[in-house]
Structure formats: structure tokens, C-alpha cells
Amino acid sequence: MPNDLDFVIRHADVVTASDRFTSDIGIRDGRIAMLGQGLPPAPRELDASGMLVMPGGVDGHCHLDQPMPDGLRMADDFFTGTRSALCGGTTTVIPFAAQAKGQSLQAAVDDYHRRAEGRALIDYGFHLIVADPTPHVLAEELPRLIQNGYTSFKVYMTYDDMKLNDREMLDVLSVAREHGALVMIHAENSDCIGWLTERLLGRGLHAPHAHALARPAVVEREATHRAIAFAELVDVPILIVHVSGADAIEQIRWGQSRGLPIHAETCPQYMYLTADDLGHGEYEGAKCVCSPPPRDPANQTAVWKALRQGVFSLVSSDHAPFSYDDPQGKKPGGKEVSFDHIPNGIPGLETRLPLLFRGVKEGRISLHQFVELTSLRPAKLYGLYPRKGTIAVGADADIAVWDPEKRVTIANAALHHAVDYTPYEGIEVSGWPRHVFSRGGLLVEDGTLLDIHAGRGRFLPAGRPDLD
Ligand code: URP
Ligand code: ZN
Ligand code: ZN
């Protein structure tokens, strides 16, 4: 019978980026088939009274099983990473197929598909990382890949094995303009960082806290401004990723106020961590080494304010999972190394949404902004809307049913990633996803991950970025 439903969520207090309404949600064949009160019965039903029912999160920036140099290894692959995402209410992830210098972009994509195949629990897309924009990459590979559903790519202004020079940045931006793709930019001035690093090491400063001294706000501010100038020159939209505080925000506001199509992303580490978390000499500070580094309380306030005011398009985790007690992680070769050799990045897939939801409870952002920043806008920017990012008839039934009052003290022991720590240990949040559906399948029930098999998540070719 065409009206038969597989599942009905009853009495849902549905919240999207723009609306809030009470409805039953009827699911058929993995999609939302009906919305309305008093829907017909289904073989499986869930009473959502007292809960908030929101679209599953879309994490538009995370790193899973990314090939690493020098004997390093990410702790999470597509299985453990998507398991962790799911338990935190995220139902789509977009990690990076990273090109190594000298490698073809297509080879990087093929390799990354092999890594994902049979491992993901939830749907996923790929961004590209363009580290070697040869004439062949620019003229052949990149346009073909954009055509085939890889419509966003990241470029780095720092990291020796990844960074592009200004001329290369302009070349990549120009391909994005011609073929309708979105360039994500890691904005930090590489030479400034190198110069500062040398001086810090020369003065005997080796410990993790020096990482923050080597990457002060001014190096992010300068690169952010330069990236905006490039976008203006080429006349193309850009997205500045992992913005850490007031200086870079000021540049982004400046660009936006000139009518330039500048989008920006921030991450929970810039709302909840500070440079103090990198320690004062002790190696454990390596757990919070990421780039740009977390700054100070005034910058945290600036990030929250900019979120409320709409400067940012999205909040992503930038989950970059390296275990602490791991010779392939934060202690390369089993040693406590100088700050410039600590792998950059922190875990955060599972905690992204609850940490941002705390901002809703504290009145820093609205509930609709929460959905917009964590689900709708990433789905739109990365060409997955309206299939992902909302609760509407025809959309995938990717749904997180939140208990808005559940109090949780974040503890690594309760998380589902494969990393041996969380930088958010001990932070209290109020609100956590209680049930999570991915393409109609109830995969988390009453906070418990059900027995699910790896490989049910599907690759999502991306459409054109929707920048509205
Ligand atoms: O420190 C960070 N952010 N590591 C992940 C890689 C990146 O630059 O996003
Ligand atoms: Zn980056
Ligand atoms: Zn990243």
C-alpha cells in the first residue's frame, strides 16, 4: 500500500532552522514521507513527547583516516568516527580526500573511497584537499571531479607539506569560480609561523604551550585578510575555516560589509578552550594542540557574539583524531617532541552539538541558529540540501531526538571515538541526543548505540554549493 509507513515519530516538537511546529513524522524507505497530526499507525513508533526533534547534524569539517606522513596515524577511521558522530547527533560527515604533493587528485579520491568503503555507519561526502595544483590538476582533474560531485576543496596557507603560495591560491580560486565550487581556506601565515618557531626553539621553548606563541592572532588575521583580498580579486566566494577569535572575525566582517561573498566557520574549541589548555610546560598540553590555537576568554566571547550576529555560516568539529599515548599520535615515535612536531588537531565529532547546544541553553544563540549552523548551512554549502539539513517531506529521515534537559558531564570513557582523550573532559552540558535516525534507521535508542553494521552509510556526491 502506498501509504504504508515504516516508522512514525509521534508528538514531535520539530525545530528546523526557520520553523517550530508540533507534528507526527512518518518515515518510509528512509525518507520523510508525511508530516502532520494523527498519522496512520506504523509497525514501529516512537513517542517524542517532551523532546526536541531536529535534523541530524551535518559536520562539514572533520578528518577521518586521512593518510599521514612520518609514521603518524589518525585514531579514527570511517567506522569509529561515524559511530562517534552518530552518538552525538550528527548524521552526515564530510571529511577530506587529501592530495599529497606529487600525487594525482583522482588517486587521492580513489584511495579515500577505499578507506570509507564498508566502514561508515552514516552518510558521507568528501571535500578535496588540493596540495599540488599542477596544470593538469587545474585544467583536467579538478573540473572533472567538481562535475562528479566533489564541489568543495580546502587549501592551506600553512603546513610545509600542504601549503600553496599566493599564485597557486589564485589559480585554485579561479577554477572554483569557473566551475562553481567552494574553496575552504586554512588562513595562517606560514612564514611568520616558521620565523616565530625558530626563535622560540632558539630560546629553549619546546613545550606544547609554545605552539600558541608561534601562531598568534596576527598571523591568522593577516592570512584571513589576504584570502579575502584574493576572493575579491578573483570574484569568487570563499569559506574561511576554523576561525579562532576577534582579529580574524574583524577581517571577515570587513569583507562581508563590502558585499564580498565571505563565509566563515568556527569550532567548539574556540568557544570552550583557551591557550592555557596547552599547559605551562607540561607535555599533556599536547592534547589541545590544534591550529589555529585556542586563544583567551575575550576571544571566546567574540566568537559567541559573531555566531549570534550571523557572521559565521557554520560550526564544525574539525575533528582531527590523534591519541595522546600513541607513538603514531601526540607522542610521535613514543617521545615527547618539541611543539612544532606535535600532530595538529583535536577530537570533537561527538561533542560538537552538545557543546553548541549549551550556548542555546545559556541564551547565546537561538535554537533556530543552532540548527542553521550545524545542519542546514553545511548541507547547503556542500551541495547536500534539501536531502540533508532539514525536516521536510522528501528529505532523508536523518533525525536527532534531543532530550533538552539531560545533564551530562563530558567524559572520554562515555564517548565512542577511538581517541584516548577528549579536550572537553569534565565540561558540563545540558541537552544530548536521545534517539538518532539515519536514513530512517533508528541507530541510537535511549542513548544506546544499537547493533549496527559498518558499511550502511553511503557516499553522497555533492551538488553545486548553495551560498544563500
Ligand atoms: O589543527 C588542526 N586544525 N588540525 C586539522 C587540520 C586542519 O588544519 O584543519
Ligand atoms: Zn585547517
Ligand atoms: Zn581540519
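This is a predicted model: local features need pLDDT of at least 70, side-chain atom pairs count only at pLDDT 80 or more; totals for chains, interfaces and linings use all residues.
His63 puts a polar side-chain atom 3.3 Å from an oxygen atom of ligand 1, a polar contact in the sense of N or O atoms within 3.5 Å. Residues are numbered from 1 along each chain, and ligands are numbered from 1 in the order written.

**Around ligand 1**
- A backbone N or O atom of Asn344 sits 3.3 Å from a nitrogen atom of ligand 1.
- On its own, ligand 1 has 260 Å² of accessible area, and the protein covers 94% of that (Shrake-Rupley, 1.4 Å probe).
- The ligand is surrounded by 13 residues, and Lys154, His186, Cys290, Ser291 and Asp318 are the closest (a heavy atom within 4 Å).

**The zinc ion (ligand 3)**
- His61 (NE2), His63 (NE2) and Asp318 (OD) are its protein donors, 2.0 Å away (donors are N, O and S atoms within 2.8 Å of the metal, or 3.2 Å for Na, K and Ca).
- The site has four donor atoms and is tetrahedral, with angles of 89 to 121° (four donors, all angles between 85 and 135 degrees).
- The zinc ion (ligand 2) is 4.1 Å from the zinc ion (ligand 3).

- His61 is buried, because its relative accessibility is 0% (buried means under 20% relative accessible area, 1.4 Å probe, protein chains only).
- Asp318 is buried too, at 8%.

Notes: Side-chain values use heavy atoms; hydrogens and water are left out. Four donors count as tetrahedral if all angles lie between 85 and 135 degrees; four count as square planar and six as octahedral if opposite donors are over 155 degrees apart and all others between 65 and 115; anything else is irregular. Buried means under 20% relative accessible area, exposed over 50%, partly exposed in between (1.4 Å probe, protein chains only). A polar contact is a pair of N or O atoms within 3.5 Å; within protein, one must be able to donate a hydrogen and the other to accept it, and residues adjacent in sequence count only if both atoms are side-chain atoms.
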